Amino acid sequence: MIKVVRIFNTYGPRMHPNDGRVVSNFIVQALRGQEITIYGKGTQTRSFCYVDDLVEAIVRMMETPSEATGPINIGNPREFTMLELAELVIEMTATKSKIRFEPLPSDDPRQRQPDISKAKAVLAWQPKTELRDGLVKTIAYFDKILR
């Protein structure tokens with residue numbers, strides 16, 4: 001039986017420090033005291049789903065009846081600008097890093113926000129972890145592996 005979920009911007013401990021994702025990039029740059037790179041003015045938005053919430057949704061999907069095949073979007077619909085994320089990481093890591101603005105690539109989406117209405121209806125699921133709470137654990141993980 002095939003089940004399909006679409007995963008949106010997941011983060012958490014055990015991410016690779018050089019995976020190129022914005023959460024790991026910002027945290028690693030901050031912990032190393034490097035400038036945090038934002039493309040454009042930082043007004044583009046993303047939404048971030050903590051890994052524990054993602055795993056819960058996938059398990060629920062696997063436990064659905066055979067007729068529930070998906071696709072179902074799994075992510076967090078709460079949006080943050082890249083500037084908000086950078087400022088939060090700077091605050092939470094207590095770094096002296098500054099933000100450096102670079103030109104916005106032409107293919108960079110202005111917004112990424114999953115519609116999780118099907119996940120709510122079919123799986124009785126929605127993410128529980130607030131960004132700040134997930135970042136506490138993620139920053140601690142990166143701090144440990146970078147030392």
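1. Helices and strands are DSSP runs numbered from the N terminus, a helix having at least four residues and a strand at least two. On this basis, Thr95 is found in the loop between helix H3 (82–93) and strand S8 (99–102). The model is a predicted one, and the remarks below should be read accordingly.

2. Overall organisation. The chain comprises 5 helices and 8 strands. Their order along the sequence is β-β-α-β-β-β-α-β-β-α-β-α-α. Taken along the principal axes, the C-alpha atoms fill a box of roughly 50 × 35 × 20 Å. The chain has 147 residues, of which 41% count as buried. When contacts between residues at least 6 apart in sequence are considered, 88% of them join residues at least 24 apart.

3. Is Thr95 buried or exposed? Thr95 counts as buried, because its relative accessibility is 16% and the cut-off for burial is under 20%. Its side chain makes a polar contact of 2.9 Å with the side chain of Ser97. Beyond its neighbours within four places in sequence, Thr95 is in contact with Ala30, Gly33 and Ile90. Ala94 is found in this loop as well, but Ala94 is exposed, with a relative accessible area of 65%. Phi of Ala94 is positive, near 55°, although the residue is not a glycine.

4. Helix H1. How many of the 10 residues of H1 are buried? The number is 7, so H1 is largely enclosed by the rest of the structure. The buried residues are Val23, Ser24, Phe26, Ile27, Val28, Gln29 and Ala30. They pack against S2, S3, H3 and helix H5 (131–146). One of them, Ala30, is also among the contacts of Thr95. Just after H1, Gly33 takes a positive phi of about 75°, and Gly33 too is in contact with Thr95.

5. The largest pocket. This pocket holds about 420 Å³ of space. Its lining consists of 23 residues, and Gly20, Arg21, Val22, Arg46 and Met82 lie nearest the centre. Which elements each supply at least two residues of the lining? They are strand S2 (10–11), helix H1 (22–31) and strand S3 (36–39). H1 gives the largest share, with 5 residues. By residue class, the lining divides into 11 nonpolar, 7 polar and 5 charged residues.

6. Aromatic pairs. The structure holds 3 aromatic pairs. In one of these, the rings of Tyr11 and Tyr50 have centres 5.5 Å apart and planes at 65°, so the pair is edge-to-face. The pair links distant parts of the chain, since Tyr11 belongs to strand S2 and Tyr50 to strand S5 (residues 49–50), 39 residues apart. Both Tyr11 and Tyr50 are buried. Tyr141 and Phe142 also form an edge-to-face pair, with 5.4 Å centre to centre and 70° between the planes. Within this pair, Tyr141 is partly exposed, with a relative accessible area of 22%, whereas Phe142 is buried at 0% relative accessibility. Tyr11 and Tyr50 form one aromatic cluster together with Phe48.

7. Backbone geometry. Most residues other than glycine have a negative phi, and most peptide bonds are trans. Against that background, several positions deserve a check. Arg14 has a positive phi of about 80° although it is not a glycine. The place of Arg14 is in the loop between S2 and H1, and Arg14 is exposed, with a relative accessible area of 72%. Ala94, described above, likewise has a positive phi, near 55°. A cis peptide bond, with omega about 5°, joins Gly70 and Pro71. Pro71 lies in the loop between helix H2 (51–62) and strand S6 (72–74).

8. H1 supplies 5 residues of the lining of the largest pocket, while its buried residues pack against S2, S3, H3 and H5. S2 contributes at least two residues to that lining, and Tyr11 of S2 pairs with Tyr50 of S5.

Technical notes:
Residues are numbered from 1 along each chain as its sequence is written. Side-chain values use heavy atoms; hydrogens and water are left out. On a 1 Å grid over the protein atoms alone, a cavity is a set of points where a 1.4 Å probe fits but cannot get out, and a pocket is an open set with protein on both sides within 12 Å along at least five of seven lines; lining residues have an atom within 4 Å of a point. Grid points are joined across faces, edges and corners, and a volume is the space filled by probe spheres set on the points. Ala, Val, Leu, Ile, Met, Phe, Trp, Tyr, Cys and Pro count as nonpolar, Asp, Glu, Lys and Arg as charged, and the others, Gly among them, as polar. Rings of Phe, Tyr and Trp (its six-membered ring) pair if their centres lie within 6.5 Å; planes under 30 degrees apart count as stacked, over 60 as edge-to-face and the rest as tilted. Buried means under 20% relative accessible area, exposed over 50%, partly exposed in between (1.4 Å probe, protein chains only). A polar contact is a pair of N or O atoms within 3.5 Å; within protein, one must be able to donate a hydrogen and the other to accept it, and residues adjacent in sequence count only if both atoms are side-chain atoms. Contact means heavy atoms within 4.5 Å.
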